[in-house]
Each structure stands twice: as structure tokens, then as C-alpha cells.
Amino acid sequence: MSRGMPCENAGPLFARAVFLAAVVAAAALRLPALAARPMHADEAIHADKLGTLLEGGGYAYDPSEYHGPTLYYLSLPLAWLRGQARYVDLDEVTLRAVPAVLGVALVAAHAAARGVLGASAAAVAALLAALSPAMAYYSRYYIHETALVLFSFGALLAASRYRRAPGTGPAVLAGVCAGLMLATKETAVLALASMLVAFALARRGADGGRVTARHVLLAGLAAVSVAALFFSSFLTRPTGVVDAVRAYAFYLRRAGATSWHVHPWSYYL
């Protein structure tokens, strides 16, 4: 029996080693030399938004442009730690370190997927995410996408947890992640709609407990509360919540209009 134990433990140990390697690789590909690439115009716009917030000008959500406020508020602590209190003090490292850390956190979050995918599959998924050129590139880019992906993954993991073992904890966590998604970028509604449809279909074959109205209500309240907190600039500008709702009318009209964002199918080849 004792001779067989190393073989039995080889699988879990190998998965842990792969997972650790994935997190290390993610950090190695995302954190160094953040100032090596020139700033993109989109990054500069977001840097200006952060600068206004740093200088005491507050944050006012624009329903027609620039997306949600989570990126800026997540950037404040690092700017403070580095002694940067004005727009002119900001540099590429402060700005890009935020999505870079979120990108590493995204890879590390795969540890919570072990209950769904199994330890080995979760470790391989983490490694693929760590080495993905697109994931690495956008994790070194001061825009909203990496934050949106991380919060979306968190919502998926919480919903999967709830599917296996319904309870208040995973329901509220799913709601918090959904609220962060909404407060990050307007396209979050597309991902959330897909998740809800998938969750409804998955429930048909679930062996766990039933979805309760109380848990749905708690998840919804958590999502609305978190989103409202950010859009209202932490209750200092309540009209931001109204603007967050108005934003979808702007983007719906934009989606159906001809603009420079629209290209023929062959353009992307």
C-alpha cells in the first residue's frame, strides 16, 4: 500500500506544479517592463480620467463614452502608494500595473475552477490563459477588458458553485461579480445574458438543490448595489446611476448605425 501512495499522489502534485508554473508565468509575462511600449490614445484618455479623480475633481460617468468607473477606482490605491497625486505624476507603470495584476489574478482564479473542471483540467486552463498572447497583451494595456474578463470569470465560478451547492454565499458572490461587470463596461450585459441562458439550461441536468427566489433576490440586490456604488461615485453623485441606465440607449443606437467601428467581414482577415 505504501509503495502505491506516491503514484496515487502524482496526479494532484503534478496539477499543483502546473498551476504554480502558470501563475509564475503569468506574472513573468505581465509585470516586467510595463513602460516599454508607447501609450495608446485610449490609455491616455483613461489616464486623464484617473488624473481628474486623483486631483479631487471626482468622477462623472459619461453614458455615451469611456465606459465604467471600476478601472479608475482600482487604480487609486497604487497611485497613492507611489505618491502620485496629480495627472502629471502618473506614469505607465502605475497605470498598466493594475490590469497586469488583474491578469495574474485571472490565472490564479482558475484554482476555484477545480470543482467544475477537475484539478488537472483547471491547471491546464490556467497555463493556457497565462501563455495566451492576447491575454498577456491586454493585461499590459490600461483599458477595461482585463477587469471585465476577471469579473466575468468570477461570476461564472460563483454560478457554477451555486449550481453544485445552492447557498447564500455563492449567490451573493455571483451578484457582486455581476455588479462589477456592469460597472466596468456596458458590453457586460451580453455576457450576463449568455450566462443566464446557460445557467438555466444547465439547471435541467443539475443534481444539486433548487434555485430559490430568495437567492435570486440576494444576487440581484448585490449586483445592483455594487454597480450603483461605483456609478454614483460612492454615493457622491447619484445621477450617475441614472446615466448608467441611459447608456444602453446610446450603445443600442450606435450598434445599429454605420460608424468607423463597422467594417466588412474581409477587413479582419
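# Aromatic pairs and helix packing in a predicted model

User: How many aromatic pairs does the count come to?

Analyst: The count comes to 10 aromatic pairs. Rings of Phe, Tyr and Trp (its six-membered ring) pair if their centres lie within 6.5 Å; planes under 30 degrees apart are stacked, those over 60 are edge-to-face and the rest are tilted.

User: What sort of aromatic pair do Y73 and F230 form?

Analyst: Y73 and F230 form an edge-to-face pair, at 6.0 Å centre to centre and with 65° between the planes. The two residues are 157 apart and belong to distant parts of the chain, with Y73 in helix α3 (residues 70-81) and F230 in helix α11 (residues 213-231). Helices (H or I, at least four residues) and strands (E, at least two) are DSSP runs, numbered from the N terminus.

User: Is Y73 buried or exposed? And F230?

Analyst: Y73 is buried, at a relative accessible area of 16%, and F230 is buried as well, at 12% relative accessibility. Buried means under 20% relative accessible area, exposed means over 50%, and partly exposed lies in between (1.4 Å probe, protein chains only).

User: What about Y162 and F199?

Analyst: Y162 and F199 form a tilted pair, at 6.3 Å centre to centre with 50° between the planes. This pair also links distant parts of the chain, since Y162 is in helix α8 and F199 in helix α10 (residues 188-203), 37 residues apart. Y162 counts as buried at 6% relative accessibility, whereas F199 counts as partly exposed at 22%.

User: Which residues do ring pairs link into a cluster?

Analyst: The cluster consists of Y59, Y72, Y73, F230 and F234.

User: How many helices and strands does the chain have?

Analyst: The secondary structure comes to 12 helices and 0 strands. Buried residues account for 38% of the 269 residues in the chain.

User: How do α8 and α9 pack?

Analyst: Helix α8 (residues 145-164) packs on helix α9 (residues 168-182) at an angle of about 160°, with the axes 8 Å apart. The axes are lines fitted to C-alpha atoms, for helices over the stretch in contact, and angles run from 0 to 180 degrees between N-to-C directions. The two helices are therefore roughly antiparallel to each other. On this scale, angles under 35 degrees are roughly parallel, over 145 roughly antiparallel, 65 to 115 roughly perpendicular and the rest oblique.

User: Which hand is the crossing of α8 and α9?

Analyst: The crossing of α8 and α9 is left-handed. A crossing is left-handed if the near helix is turned anticlockwise from the far one by less than a right angle, and right-handed if clockwise.

User: Which residues meet there?

Analyst: Among them are L148, F151 and Y162 in α8, and P170, L173 and M181 in α9. The residues of this contact divide into 14 nonpolar, 2 polar and 1 charged. Ala, Val, Leu, Ile, Met, Phe, Trp, Tyr, Cys and Pro count as nonpolar, Asp, Glu, Lys and Arg as charged, and the others, Gly among them, as polar. Contact means heavy atoms within 4.5 Å.

User: And at what angle do α9 and α11 cross?

Analyst: The axes of α9 and α11 cross at roughly 30° and come within 7 Å. The crossing is right-handed. Residues making the contact include V172, V176 and L180 of α9 and L218, V226 and F230 of α11. By class, the contact has 14 nonpolar, 4 polar and 1 charged residues.

User: How do α3 and α4 cross?

Analyst: Their axes cross at roughly 115° and come within 9 Å. α3 passes α4 in a right-handed crossing. The contact involves L71, L74, S75, L78 and A79 of α3 and V93, T94, A97, V98 and L102 of α4. These comprise 8 nonpolar, 2 polar and no charged residues.

User: Changing topic, where does A113 lie?

Analyst: A113 lies in the loop between α4 (92-108) and α5 (114-117), and it counts as buried at 3% relative accessibility. Leaving aside neighbours within four places in sequence, A113 is in contact with G118, A122, F153 and L157.

Technical notes. Residues numbered from 1 in each chain as written. Predicted model: local features only at pLDDT ≥ 70, side-chain atom pairs only at ≥ 80, totals over all residues. Heavy atoms only, no water.
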